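Please consult the sequence and structure shown here.

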Amino acid sequence: ARRRDSADWGLLLLAAIGRREIPRAAGARRLVVTRVGARLLDVDNLAGGAKDLVDAVRRRGLLVDDSPDWSTIEFAQRRCGPGERPHTLLDLYDPG
């Protein structure tokens, strides 16, 4: 199931990027993963549940590596607003 989850995130990431030109990582980057859901998760579950997503971002070349030498990864979350569906937001920042 773990391999399938990872492949699913990879396909979802590819679909979300679409035709946008996001340059491959050439150095360290900061990634902010924001989960928008019906309820809030414990912090450890939030970070652990995003592992396959972070790995998919790395495999796509948007992070050189997910080690602390190459990336700063932050996790945030909020509840869905009225009429809003659960989703995940990714914000990628180059230093500078």
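A polar atom of the Arg29 side chain lies 2.8 Å from the backbone oxygen of Leu62. The model is predicted: local features need pLDDT of at least 70, side-chain atom pairs count only at pLDDT 80 or more, and totals for chains, interfaces and linings use all residues. Residues are numbered from 1 along each chain as its sequence is written, and side-chain values use heavy atoms, with hydrogens and water left out.

**Arg29**
- Arg29 belongs to strand β1, residues 29-37 (strands are DSSP runs of E of at least two residues, numbered from the N terminus).
- Its relative accessibility is 7%, so Arg29 counts as buried (under 20% relative accessible area, with a 1.4 Å probe and protein chains only).
- Beyond neighbours within four places in sequence, the contacts of Arg29 (heavy atoms within 4.5 Å) include Leu62, Trp70, Tyr93 and Asp94.

**Ala76**
- Ala76 lies in strand β2, residues 71-79.
- Ala76 has 30% relative accessibility and therefore counts as partly exposed (between the buried limit and the exposed one, which is over 50%).
- Not counting residues up to four places away in sequence, Ala76 touches Val33, Thr34, Arg35 and Leu46.
- The C-alpha atoms of Ala76 and Ala47 are 9.1 Å apart, although 29 residues separate them along the chain.

**Overall fold**
- From the N terminus, the order of elements is α-β-α-α-β-β (helices are DSSP runs of H or I of at least four residues).
- Among contacts with a separation of 6 or more, 83% join residues 24 or more positions apart.
- Of the 96 residues, 25% are buried.
- The C-alpha trace spans about 40 × 25 × 25 Å along its principal axes.

Terms used
Polar contact = N/O pair within 3.5 Å; in protein donor to acceptor, adjacent residues only side chain to side chain.
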